[in-house]
Amino acid sequence: MKIITNVFHQLGRWCEPVIEGIIRLCGISAIIFVFGIFFFVFREGMGFFFGGLDIVEFLTSPEWYPTSVSNKRYGVLALVAGTFSVTALAMVLAVPFGLGAAIFVSEFCGPKLKETLKIVIELLAAIPSVVWGFIGLTVMNALIIKIFKVPIGLTMLNGGIILSLMSVPIIVSIGEDALKAVPDSYREAAEALGATRWQVVYRVLLPTAKNGLLAAVLLGVGRAVGETMAVLMTTGHAVNMPLGPFDSVRTLTATIAAELGEAAVGSDHYRVLFIIGVLLFSITFIVNFVTDLVIKGIREKA
Amino acid sequence: MATDITPSSSPTEITDPSLMFTATEQSRKKQLMENIARAIFFVMTLLMILPLVLIVVYLFVKAAPVLSPEFLFTNPAKGMRAGGIWAPLLGPIYIVITSLLVSAPIGVLAAVYLNEYARASWFTRIINLAVVNLAGVPSIVHALFGVGAFVYFAKMGRSVLAASLTLAIMTLPVIIASTKEALNAVPMAFREACWNTGATRWQTIRGIVLPNSISGILTGIILQVSRAAGETAPIMFTGAVFFKAISERDVFAYGLFDRFMALSMHLYQLSTQVPGVPEALEYGTAVVLLGAVLTVNALAIVLRVYLRSRKRW
């Protein structure tokens, strides 16, 4: 018996450095994968990026005709405009509602209602994007046609509404965290001076939790920019410079999803889709980096 | 002195003691403002939730004609215009399990590293930034990565394996974040007590930290199952196909290198690519997908509430 425990003891001593090595390797896996994603996506697009793609035209031309026989043109300006217009519209709708709901959940409702609402919001966040797309395609499409008397409901407005519904849960949960992070002594001090709940929210919590709320909004933006299936199914899929909410638009993500299956592997069209991927990756990287700086700002102040 | 404790800012003296606790003009206004604010925020919350509940109910009503066990256990037929959803239903189960086999160990160990080993340094900050960034990468970019790295570079072709690995990398950051939170909830005193008995770092983690946080870790992983099952974009080009007939009632119908059908992809195809699909079939597919995801999610939440109520510290 003693020998057996001894063996295990020895084994443990030998194993420990190995296990720690594995843990360290897993620890840096996130860095490896981020670089891996950039490397492999860029690798597929590289051939066209260095050989033939006019980068200025790519970024400034709204003409996207990748399958034209006589004159292929690869300009993503309309797609970028599509992405940002849908995201902006979604945020106009989602930010007031998201922050309003976050304030209600965090400050105005009782503990029972709060738990219930948080669970409902969590469930809303779990609805798959393709189901959102389906809702946009069927329910929202019919509603928009009926309410606004327009011939077609698959427009920027539809995509914006669906995207806002999708990003509201994330804004609420992160925003609520930000409000929760404000020390209770702040609230107590304000209430001791005779402030009502609303005054506490308006005068004390909002200025204090400003950075956290901004981070919540930015995370919502990140999600909206990167969303694929829902916008693919709801925005109407026409390459247009968007002029109003009833225009059909197309986003960067939807373009990749719609055309990758049809583009011949290794062709210019196929490679340019990967370059769009790099562009998307860069946009979300910047948004995330700014969010991180904002959050770090909070921590250093606290 | 009565006037000293009156919360009134009005300069006039209150002589009648019965007026002492009645509302002044200002405090009445304050109260009104308060009620308005509460009402507005309540309506905002309601406006966010109520339409969605209605939409979900609407989906269920529309899907009612096709929902039956037979719908679940038969293959799609007649160019998707009839039959059930057996093949698309089985696909996600395969990819979710395979992807979890990869992402759960790596994710949990990465969180162990970040929470138990890493010191606060610039390097740890970069890792954390990488985790946040990985979580923010759009799903379609993950798909491009999967195509470039797994389908072509690693020569896996479009297969269950390639799709699962793509999905694994996508779910990794969220598993890391939820596991880190669970590990962080174990009080420091537990670890210190264990170190004091002479245990090494790894022995402490294995004997004290992991057993005490396993419930939180599992909840996080179950939540990931529901998310992975509903994803469409990452599997679209890495393995999911428009149609693949498999034998009905055989749960081992797919191989690791087979192409597969997935419920989410099936719903996309039915609603946008195939003309003339009976409406109920589309709604039925949507409802099964939504129902499965919400059930798994609710399960995780129930588990969390139950385990939290049993917590001893």
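Q: Where does His237(A) lie?
A: His237(A) sits in the loop between α11 (229-234) and α12 (252-259) of chain A. Helices here are DSSP runs of H or I with at least four residues, strands are runs of E with at least two, and both are numbered from the N terminus.

Q: Before we go on, what kind of model is this, and how do the labels work?
A: This is a predicted model: local features need pLDDT of at least 70, side-chain atom pairs count only at pLDDT 80 or more, and totals for chains, interfaces and linings use all residues. Residues are numbered from 1 along each chain as its sequence is written, while chains are lettered from A and ligands numbered from 1 in the order in which they are written.

Q: Back to His237(A). What is its phi?
A: His237(A) is not a glycine, yet its phi is positive, about 65°. Most residues other than glycine have a negative phi.

Q: How exposed is His237(A)?
A: His237(A) is partly exposed, because it has 19 C-beta neighbours inside 10 Å. The cut-offs: buried means 20 or more other C-beta atoms within 10 Å of the residue's own, exposed means 12 or fewer, and partly exposed is in between, with C-beta atoms placed from the backbone.

Q: What about Lys155(B), what's its phi?
A: Near 55° for Lys155(B), a positive value in a residue other than glycine. Lys155(B) is in the loop between α6 and α7 of chain B.

Q: Buried or exposed, Lys155(B)?
A: Lys155(B) is exposed, because 8 other C-beta atoms lie within 10 Å.

Q: How do the helices α6(B) and α7(B) pack?
A: Helix α6 (residues 139-153) and helix α7 (residues 160-184) of chain B pack at about 135°, with axes 9 Å apart. Axes are lines fitted to C-alpha atoms, for helices over the stretch in contact, and angles run from 0 to 180 degrees between N-to-C directions.

Q: What do you call that orientation of α6(B) and α7(B)?
A: α6(B) and α7(B) are oblique to each other. Under 35 degrees is roughly parallel, over 145 roughly antiparallel, 65 to 115 roughly perpendicular, and the rest oblique.

Q: Which hand is the crossing of α6(B) and α7(B)?
A: The crossing of α6(B) and α7(B) is right-handed. That means the near helix is turned clockwise from the far one; left-handed is anticlockwise by less than a right angle.

Q: Which residues make the contact?
A: From α6(B), Phe145(B), Gly146(B) and Phe150(B) are among them; from α7(B), they include Leu165(B), Ile169(B) and Met170(B). Contact means C-beta atoms, placed from the backbone, within 7 Å. By class, the contact of α6(B) with α7(B) has 8 nonpolar, 4 polar and no charged residues. Nonpolar covers Ala, Val, Leu, Ile, Met, Phe, Trp, Tyr, Cys and Pro; charged covers Asp, Glu, Lys and Arg; the others, Gly among them, are polar.

Q: Over to chain A. At what angle do α4(A) and α10(A) cross?
A: Helix α4 (residues 77-108) and helix α10 (residues 210-226) of chain A cross at roughly 140°, and their axes come within 10 Å. That makes α4(A) oblique to α10(A). The crossing is right-handed. Its contact residues divide into 10 nonpolar, 4 polar and no charged.

Q: How is chain A divided into domains?
A: Into domain 1 (2-51) and domain 2 (73-301); such bounds come from an automatic or database domain assignment. Their centres, taken over C-alpha atoms, are 34 Å apart. In chain A, 9 residues of domain 1 are in contact with 8 of domain 2. The domain 1 side has 6 nonpolar, 2 polar and 1 charged.

Q: And how many residues are in contact between the chains?
A: 72 residues of chain B are in contact with 67 residues of chain A. Helix α2 (residues 25-63) of chain B gives the largest share of the chain B side, 17 residues. That side has 53 nonpolar, 14 polar and 5 charged residues.

Q: What does Leu289(B) touch?
A: Leaving out residues up to four places away in sequence, Leu289(B) touches Pro128(A) and Val131(A), and also Gly230(B), Leu263(B), Ser264(B) and Leu267(B). Leu289(B) is in helix α12 (residues 279-310) of chain B. Leu289(B) counts as buried, because it has 27 C-beta neighbours inside 10 Å.

Technical notes: Two residues are in contact if their C-beta atoms, placed from the backbone, lie within 7 Å.
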